[in-house]
Amino acid sequence: MFKLYYAPGTCALASHIALEEAGAAYTTERLDFKNNQQNSAEYLKVNPKGRVPALVTDRGTLTETPAMLAFIAQSFPQARLAPDDTFAFAQAQSFNSYLCSTVHINHAHKMRGPRWATDESSFADMKRKVPETMGACFALIERDMLRGPWVMGEQYTICDPYLFTIAGWLEGDGVDIATLPKVADHYKRMSERPAVQKVLADEKR
């Protein structure tokens with residue numbers, strides 16, 4: 001039995017969907033970011049980084065979305081959430097690493113300016129840049145990385161809930177998903193999956 005710590009609207013959604021797709025036995029605990037619960041003494045014992053997601057397993061706690069997604073896929077091979085071929089699996093990891101290390105960071109500049117600067121004017125400048133940087137990232141994904149119908153091609157993998165999660169931030173980041181037809185089609189396709197619909201409903205409660 002796994003336990004996923006999450007907050008609505010965060011990248012934890014990707015791991016939540018992957019757990020559901022895998023048919024894993026898991027429970028969830030929602031953190032209240034408005035009340036800074038992620039920095040509470042209780043949660044910092046789970047994840048000293050004060051971030052979500054965190055996945056508690058019988059072998060210890062995992063953090064960082066790419067690592068968690070890979071663990072879920074490899075723990076439930078029957079779900080076929082990762083390519084069997086080692087090079088293809090590395091390609092999937094490359095895609096998820098790009099979402100984590102570049103795309104998510106660009107998004108975070110909209111509201112996490114104090115992580116990188118102390119001058120208030122810098123925060124506003126970072127925020128103004130987000131539509132451009134997120135637009136450029138997704139233009140690259142649209143052109144060169146999303147094979148279709150799923151990220152890796154015909155096989156649905158752990159890349160798909162992660163892309164779905166971050167694509168869901170585009171409107172708020174000032175990027176029109178309609179200008180990205182492959183990404184928009186992927187987002188719609190994901191929205192129709194029963195596991196995704198169940199998780200979205202659970203996170204709204």
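In this predicted model, Arg51 has a relative accessibility of 43% and therefore counts as partly exposed, a class that lies between buried, under 20%, and exposed, over 50%. Arg51 belongs to the loop that links α2 (41-46) to β3 (54-57). When neighbours within four places in sequence are set aside, the contacts of Arg51 are with Tyr43 and Arg115. Leu31 is 20 residues away from Arg51 along the chain, and the C-alpha atoms of these two residues are 9.8 Å apart.

Two helix pairs were also examined. Helix α1 (residues 12-22) and helix α8 (residues 194-204) have axes that come within 9 Å and cross at roughly 130°. The crossing of α1 past α8 is right-handed. On the α1 side, the contact is formed by Leu13, His16, Ile17, Glu20 and Glu21, and on the α8 side by Ala195, Val196, Lys198, Val199, Leu200 and Glu203. Sorted by class, these residues comprise six nonpolar, one polar and four charged.

In the second pair, helix α3 (residues 65-75) packs against helix α4 (residues 86-108) at an angle of about 150°, and the axes are 9 Å apart. The residues that meet are Pro66, Leu69, Ala70 and Gln74 from α3 and Phe89, Gln93, Asn96 and Cys100 from α4. Five residues in this contact are nonpolar and three are polar, while none is charged.

Definitions and conventions: Residues numbered from 1 in each chain as written. Predicted model: local features only at pLDDT ≥ 70, side-chain atom pairs only at ≥ 80, totals over all residues. Heavy atoms only, no water. Axes fitted to C-alpha atoms, helices over the stretch in contact; angles between N-to-C directions. Helix = DSSP H or I, 4+ residues; strand = E, 2+ residues; numbered from the N terminus. Left-handed = near helix turned anticlockwise from the far one by under 90°. Contact = heavy atoms within 4.5 Å. Nonpolar A, V, L, I, M, F, W, Y, C, P; charged D, E, K, R; others polar. Buried < 20%, exposed > 50% of the residue type's maximum accessible area, 1.4 Å probe, protein only.
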